[in-house]
Amino acid sequence: MAGNDRPNGKDGTDGMDFPLEGVRVLDLSRVFAGPLCGMVLADFGAEVVKVEHPGRGDDTRDWGIRIGKTETTYYNSMNRNKRSITIDLQSPEGLKLIHDLLPQFDVVIHNFKTGGAEKLGLGYEQLKAIKPDLIYCAVSGYNSSGPEAKRPGYDLVIQGEAGLMALNGDASMPPLKFGVAVVDLMTGMYAAQAILAALYRRSRTGQGRLVEMALYDSGIMVTGYYGLDALKLGHDPERYGNAHPSIVPYGMYESADGPMIIAVGNNAQFEKFCRQVIQRPDIVEDPRFATNVNRTQNRHELGAMLKDLIRSFPREQLLERLTAAGIPCGRVAGLHEALSSERTRQGGLLQDMPHPVVGTTPVFAPPYRLDGQRLPIRHAPPTLGEGTREVLQQLLQLSEAELQALRDKGVLTLPSTE
């Protein structure tokens, strides 16, 4: 790997065994998919240096709710555990800085439009000539060798084109997008997986690799079993909203005092549901509902009955009976309610991190647990350019005078020394 001398080792995690410790990642990406990929690698201990435009930074520094002077809720959700440096990639001096940094890095991530990296002097072949064993990940909207290669990729557009909006909601609704940018999210995760595989291969062969990820490809994969159903049927499957297409009853139901999830996974559970929970043995004894196949075929009749029955019970009573019967269930919480819940607190899923302007700010913790311990937040999402001086001085041995000269040319910005 590139080495273990880190620009900032004072992160309070001494002695912790991070799987990617010693791996360096140069994150040239912005917005969602690429930054998420970089954050995954950072969570596992890689030293991720995020390169941003000196003036505006990542586009998402202006999306969502403002935190301090340069961060937002959107930006913070994708950039924990990274350092931020500012470099104008379109300047000759900025390109030289990247080329000079490259030998000390193992991975490069970018999401320029197809051909954009090459125009900047940052294409795979150009960087491979400097760092032969480089793992290079390019995220684009569409197949880089196809007729749409140069189209920009946007999550919402892909959700429409990949059929994802056609599987959301119920039959009475127009096409509906996912609540979050699911194509970007999955592309970032797939990209991180591919980079990990390439790093593993490099550890055995010493060879680098070009990894290419297209948002459209990931969008098609997200359709999952709905996609295969559509191919088998020869048309779009029916949309069932919060219900399951092939398991009944399995979905969201309104109790007397609030929404809840009931997930009856098999026939034995359905019998317990009818006899012990809603106390209607006649329903399970009805041949129309005796098996899941029958219940699916008669879902509308059964659904109407259960809708009225479930609404007649208090939610807590149903949850107690369902739990006692071993049937999966849960309350439907609001987003703020879920994030503020005791379950979230006990799981350590949020942490208040120091912030130079607002004092502290909440940051999501990594979801991964290794050997029973959740991976910690080593760095809060960085302010714009907070690591420029430190990273470039340590990795390139640039003097303060050289940094100031680059700043005066607009190639980079420097954090205040006060």
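The text below takes the cores, then the lysine, then the cysteines.

The model is predicted: local features need pLDDT of at least 70, side-chain atom pairs count only at pLDDT 80 or more, and totals for chains, interfaces and linings use all residues. Residues are numbered from 1 along each chain as its sequence is written, and side-chain values use heavy atoms, with hydrogens and water left out.

A nonpolar core is a set of buried Ala, Val, Leu, Ile, Met, Phe, Trp, Tyr and Cys residues joined through side-chain atoms within 4.5 Å. Buried means under 20% relative accessible area, exposed over 50%, and partly exposed in between (1.4 Å probe, protein chains only). The largest nonpolar core has 41 residues, and Val25, Leu41, Val107, Ile109, Cys137 and Ile195 are those with the most contacts inside it. At least two residues of this core come from each of helix H1 (33-43), strand E6 (107-110), strand E7 (135-140), helix H7 (182-205) and strand E8 (209-214). Helices (H or I, at least four residues) and strands (E, at least two) are DSSP runs, numbered from the N terminus. Another core, of 32 residues, lies apart from it and includes Leu97, Leu102, Leu398 and Leu406.

Lys131 sits in the loop between helix H5 (124-128) and E7. Not counting residues up to four places away in sequence, Lys131 touches (heavy atoms within 4.5 Å) Leu102, Pro103, Phe105 and Arg202.

The structure holds zero disulfides, a disulfide being a pair of cysteine sulfur atoms within 2.5 Å. For Cys37, the nearest cysteine sulfur is that of Cys137, 5.0 Å away. The sulfur of Cys329 is too far for a bond, because the closest cysteine sulfur, in Cys274, is 15 Å away.

| Residue | Relative accessible area | Class |
|---|---|---|
| Lys131 | 11% | buried |
| Cys37 | 0% | buried |
| Cys329 | 28% | partly exposed |
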